[in-house]
Amino acid sequence: MYNYDIVVVGGGPAGLAAAIEARKNGVRNILVVERDRELGGILNQCIHNGFGLHIFKEELTGPEYAERFIDEFHRLEIEYKLDTMVLNITEDKTMKLVSSEYGLMHVKAKAIILAMGCRERTRGAINIPGTRPAGIFSAGTAQRFVNMEGYMPGKKVVILGSGDIGLIMARTMVWEGAKVSAVVELMPYSGGLTRNIVQCLEDFDIPLLLNHTIINIKGDERLEGVTVAEVDSSKKAIKSTEKFFECDTLLLSVGLIPENELSINAGIELDRKTGGAVVNESMETSVAGIFACGNVLHVHDLVDWVTEESRKTGKSAAKYVYEQPSEGGRTIETIAEEGISYIVPHEIRTKKVEDKIDIYLRVDNIYEDVILLIKTDSKIIKRIKKKHLAPGEMESVSISIEDIISGGAKLTVEIEKGGQ
Amino acid sequence: MRQTITCIACPLGCRVEVEEKSQGEKKYLISGHKCIRGEKYAIEEITNPTRVLTYTVKIRNANLSRLPIKTDGVIAKGLLFSCIEEIDKIELQAPIRIGDVIIENVLNTGVDIVASRSMNAIKI
């Protein structure tokens with residue numbers, strides 16, 4: 001049995017930032033476990049720029065952003081194991097790890113930070129009818145093939161889903177010499193950033209078909225084409241709008257799911273909405289001493305927010321290791337009301353917050369000129385005017401602990417319409 | 001001439017209409033934007049649209065077969081594909097350090113193509 005103060009599961013942006021922050025807060029005995037052959041996680045395949053505007057005040061590519069953290073991680077001489085999988089975590093924080101180099105290892109940790117990230121939803125998750133030919137990839141898999149491994153998935157491409165990965169992959173495929181016929185989006189709006197719609201689709205005259213979906217896949221050995229149709233307000237395909245697109249490749253960018261199998265086995269309570277753990281103000285899960293941050297907690301749109309959240313988590317884990325347990329004070333529940341799809345963290349213990357707490361939230365639709373209303377019970381503590389809110393753009397709100405203490409047992413966030 | 005441009009200065013994504021005037025003090029008539037940044041972006045996008053190119057180049061003797069690279073500044077949008085052609089001619093050998101210049105002054109733009117990550121040579 002190996003003993004560590006903190007074991008971090010995952011060496012991507014969340015794991016790196018959490019481990020670095022824990023070390024800076026005095027924890028010597030840290031282990032980071034990464035299943036890939038290198039640190040950096042998904043950033044290594046996100047070769048486009050736009051990362052780091054909040055954290056570094058400059059625009060970096062994904063690999064550049066990762067390398068800054070990897071360099072600092074090595075300077076701090078934090079221990080890590082590559083090509084190593086965590087197989088199991090128990091509630092008493094013993095872990096089973098496996099790698100071809102070390103075989104099976106048993107590890108006991110005082111605290112664990114879950115930073116496993118997320119994975120892509122697949123064709124199976126969205127049930128597209130049709131045959132099962134080769135040529136259907138999740139967009140992120142195709143991204144790794146093209147940008148890292150040097151394989152080209154195909155020549156004539158249709159993309160389903162207009163989240164940022166789908167948009168970025170449209171441009172990547174064009175630059176690599178493929179033709180992208182269309183990006184198909186079920187919703188009436190794109191889930192991606194405007195900048196990506198302009199620079200990845202409009203620049204190359206790629207049509208974005210909103211309110212459309214794929215209703216059939218055709219092909220025997222290899223994909224031959226897909227049938228696209230417009231949907232009505234209840235998301236049912238309209239028969240008369242069916243159109244066949246010839247293609248040899250279909251990329252799916254239809255959402256991300258936090259990868260929480262280890263968390264479930266450890267008995268950690270999950271939030272059905274985020275797919276991640278239920279956490280308190282310290283990013284601690286329902287199992288004391290097990291923390292979660294980054295995309296395994298909730299899917300972020302900007303890595304900068306992952307870094308910010310993970311630093312906070314690393315600091316909390318360090319406190320957990322070194323400080324005597326203290327009284328948490330009153331527990332306030334955060335509640336997503338009208339127009340809000342979720343809030344993280346789920347609980348705030350009043351005595352664990354120094355002066356203010358940042359809450360992260362997403363809205364359930366596109367809103368223009370509204371007010372974000374933050375209340376404790378019926379008392380309004382904050383009214384924030386918002387010109388534009390979209391499900392694809394996470395919002396963060398800073399709330400003073402004074403306001404929370406003086407209020408009730410619930411902190412609610414809602415959208416007040418017509419708030420000019 | 002009239003063109004519609006989606007502004008990317010902020011997440012609002014205003015549809016900005018730009019009309020070129022043949023005479024008069026202001027050369028362009030701009031509408032649909034909600035702030036001054038929209039006006040600036042629209043004029044730039046009409047007169048001289050620029051982009052950063054992020055792409056990959058072949059690499060040998062490394063664990064991966066592609067190295068990510070970028071233009072170390074913006075280049076004219078119209079030059080993107082010619083720039084890609086130049087990069088496709090190259091094959092690198094690991095090791096490479098982040099920031100290493102891969103092509104100097106690509107297509108006489110005054111902009112370099114640089115490595116956007118480090119890549120070690122495979123240990124044999």
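Colleague: Which residue in S15(A) stands opposite A:Asn216?

Modeller: This is a predicted model, in which local features need pLDDT of at least 70, side-chain atom pairs count only at pLDDT 80 or more, and totals for chains, interfaces and linings use all residues. Residues are numbered from 1 along each chain as its sequence is written, while chains are lettered from A and ligands numbered from 1 in the order in which they are written. S14(A) and S15(A) (residues 223-230) pair in the antiparallel sense over seven bridges; strands pair if DSSP finds at least two bridges between them. Opposite A:Asn216 stands A:Thr227.

Colleague: Why is one side of S14(A) and of S16(A) left without a neighbour in the sheet?

Modeller: The open sheet has three strands in the order S14-S15-S16 (chain A), with antiparallel pairing. Strands (E, at least two residues) and helices (H or I, at least four) are DSSP runs, numbered from the N terminus. S14 (212-219) and S16 (243-246) of chain A each lack a neighbour on one side because both stand at the edges, with a single partner strand.

Colleague: Are H5(A) and H6(A) roughly parallel or roughly antiparallel?

Modeller: The axes of H5 (residues 164-175) and H6 (residues 194-201) of chain A come within 8 Å and cross at roughly 20°. Axes are lines fitted to C-alpha atoms, for helices over the stretch in contact, and angles run from 0 to 180 degrees between N-to-C directions. Angles under 35 degrees count as roughly parallel and those over 145 as roughly antiparallel. H5(A) and H6(A) are therefore roughly parallel.

Colleague: How do the residues of the contact of H5(A) with H6(A) divide by class?

Modeller: Among the residues that meet are A:Leu167 and A:Ile168 in H5(A), and A:Ile197 and A:Leu201 in H6(A). Ala, Val, Leu, Ile, Met, Phe, Trp, Tyr, Cys and Pro count as nonpolar, Asp, Glu, Lys and Arg as charged, and the others, Gly among them, as polar. The residues of this contact divide into six nonpolar, two polar and two charged.

Colleague: Which strand supplies the largest share of the side of chain B that touches chain A?

Modeller: In total, 23 residues of chain B are in contact with 25 residues of chain A, contact being C-beta atoms, placed from the backbone, within 7 Å. S5 (54-60) and S6 (66-71) of chain B each supply at least two residues of that side of chain B. The largest share, four residues, comes from S5(B).

Definitions and conventions: Contact = placed C-beta atoms within 7 Å. Parallel < 35°, antiparallel > 145°, perpendicular 65-115°, else oblique.
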